[in-house]
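User: Please take a close look at one part of this model, the packing of its strands and helices. I would like a connected account with the residues named.

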Amino acid sequence: MNHDVRDLSLAGAGCLRIEWADRTMPVLQRIRERFASEKPLRGVRVAACLHVTTETGNLMRTLVAGGAEAAVCASNPLSTQDDVAAALVQEFGVPTFAIKGEDNDTYYRHINSALDTRPNVTMDDGADLVTTIFSTRPETVDQILGGTEETTTGVIRLKSMAANNVLKYPIIAVNDAQTKHMFDNRYGTGQSTVDGIVRATNLLMAGARFVVVGYGWCGRGIAMRARGLGARVVITEIDAVKAIEAVMDGYEVMPIAEAARIGDVFVTVTGNKNVIRREHFEIMKDGAIVANSGHFNVELDIPGLESLAVSQRDVRPFVREYRLADGRAIFLLGEGRLINLAAAEGHPAAVMDMSFANQALSVEYLVRKGKSLARKVYPVPQEIDEEIARLKLASMGMAIDVLTDEQREYLKSWQEGT
Ligand SMILES: NC(=O)c1ccc[n+]([C@@H]2O[C@H](COP(=O)([O-])OP(=O)(O)OC[C@H]3O[C@@H](n4cnc5c(N)ncnc54)[C@H](O)[C@@H]3O)[C@@H](O)[C@H]2O)c1
């Protein structure tokens, strides 16, 4: 079996961690059991470009249980867990192409290795498979039934492709499922981003001025968790509605040009470009810590920071010091890449359970629909979203109420109640 991972002898450790994650992924477990008996993905080739983590390990097992031939490559050069990559090859027979810290050329070579498996379904986290197929392998699109997309940034790109009529096969926007972004982006990114920053720096959060750039689903979660640890949280935004929400949630809101002067820690989660630029680095305090948890590191103007620095050195794992001409130091974490995956373990498995249940059921949906879908970005069908919420609640031992007939009628009527 073709593969490229750091060290196959890490497989045992990877298996233990995949198993540990599985304990808190009951929804995906239930799907895996059903897949194993029904084999809805029999003969389907799936290429996945995802963060190669323990949770992804369990998703791959689920696809294989459903009868798929699955291959996986990394969706970020720094997010691979090498023991998981080894376990996927050695224990689960999944062709895996991912090495933590791989350079750009290796990253794209790995994407191409996954595509060499001639997938019928692509599974993306940031649209790299789709982009590579459209730009370098357009002749292969005929064999592809459709794809799924895991993250906000990827969905934005794919919708823009659809609007420009260049999308060549249907995509299910897994990110947009309620049981994905309301939980994964908020609680998953929230907790794991703070975890990554603390692991990289051992910073005391209490009392720190913690600037969150972007108050979307991820930003809300990070702000909430940073506040929980006692940080004084500042929000910057470009959207007036999100900004007023942040104000009413009790945060200070100001432009980045002001926040740059006072922040001890900065985290970007906008999905946008150059939101912290050279002019902002120029006015930061000595010792300011800067991280990104958005999909791409272009959120930070790293070339701008490099051009300001008179010297650079690594001072701890994932911490690079940039010394400015006047002696101030600015610390960039994890090369500006998703800090929750670079310096911590990414989202806890319990939240990826819902995201990857959406992935598995969306692949099944694409296969069931065959070639009948248009070249559009589709939402996850509502029944899948609701089923995942129901299964998750049940796994937590919780029940909810059901509408009475009278209530159902009342909610449908317009004559009653005035
Ligand atoms: N680290 C992770 O594990 C992880 C998980 C999920 C999503 N993501 C990524 O995080 C990013 C944000 O995702 P989201 O779901 O929160 O998106 P979102 O659309 O809900 O929020 C983004 C917010 O950033 C704001 N914004 C845009 N430009 C800005 C600027 N210049 N200054 C300040 N605010 C600005 C927008 O108004 C919006 O409120 C995306 O790139 C997404 O792919 C990362």
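**Strand pairing and helix packing**

Analyst: Val-319 has Leu-333 in β14 as its bridge partner. The model is a predicted one. The strands that meet here are β13, residues 319-324, and β14, residues 329-333; they run antiparallel and are joined by five bridges. Both belong to an open sheet of eight strands with mixed pairing, ordered β9-β8-β7-β10-β11-β14-β13-β12. At the edges stand β9 (252-253) and β12 (309-316); each has a single partner strand, so one side of each is left without a neighbour in the sheet.

Helix α1 (residues 11-22) packs on helix α3 (residues 54-65) at an angle of about 80°, and their axes are 8 Å apart. The two are therefore roughly perpendicular to each other. From α1, the contact is made by Arg-17, Ile-18, Ala-21 and Asp-22; from α3, by Thr-54, Gly-57, Asn-58 and Arg-61. By class, these are two nonpolar, three polar and three charged residues.

Helix α8 (residues 178-201) and helix α15 (residues 349-369) cross at roughly 150°, and their axes come within 9 Å. Angles over 145 degrees count as roughly antiparallel, so this description applies to α8 and α15. Their crossing is left-handed. Thr-179, Lys-180, Phe-183, Asp-184 and Gly-188 of α8 make the contact with Val-351, Met-352, Met-354, Ser-355 and Asn-358 of α15. By class, the contact of α8 with α15 has four nonpolar, four polar and two charged residues.

Definitions and conventions:
Residues are numbered from 1 along each chain as its sequence is written. This is a predicted model: local features need pLDDT of at least 70, side-chain atom pairs count only at pLDDT 80 or more; totals for chains, interfaces and linings use all residues. Side-chain values use heavy atoms; hydrogens and water are left out. Two strands pair if DSSP finds at least two bridges between them. Helices (H or I, at least four residues) and strands (E, at least two) are DSSP runs, numbered from the N terminus. Axes are lines fitted to C-alpha atoms, for helices over the stretch in contact, and angles run from 0 to 180 degrees between N-to-C directions. Angles under 35 degrees count as roughly parallel, over 145 as roughly antiparallel, 65 to 115 as roughly perpendicular and the rest as oblique. Contact means heavy atoms within 4.5 Å. Ala, Val, Leu, Ile, Met, Phe, Trp, Tyr, Cys and Pro count as nonpolar, Asp, Glu, Lys and Arg as charged, and the others, Gly among them, as polar. A crossing is left-handed if the near helix is turned anticlockwise from the far one by less than a right angle, and right-handed if clockwise.
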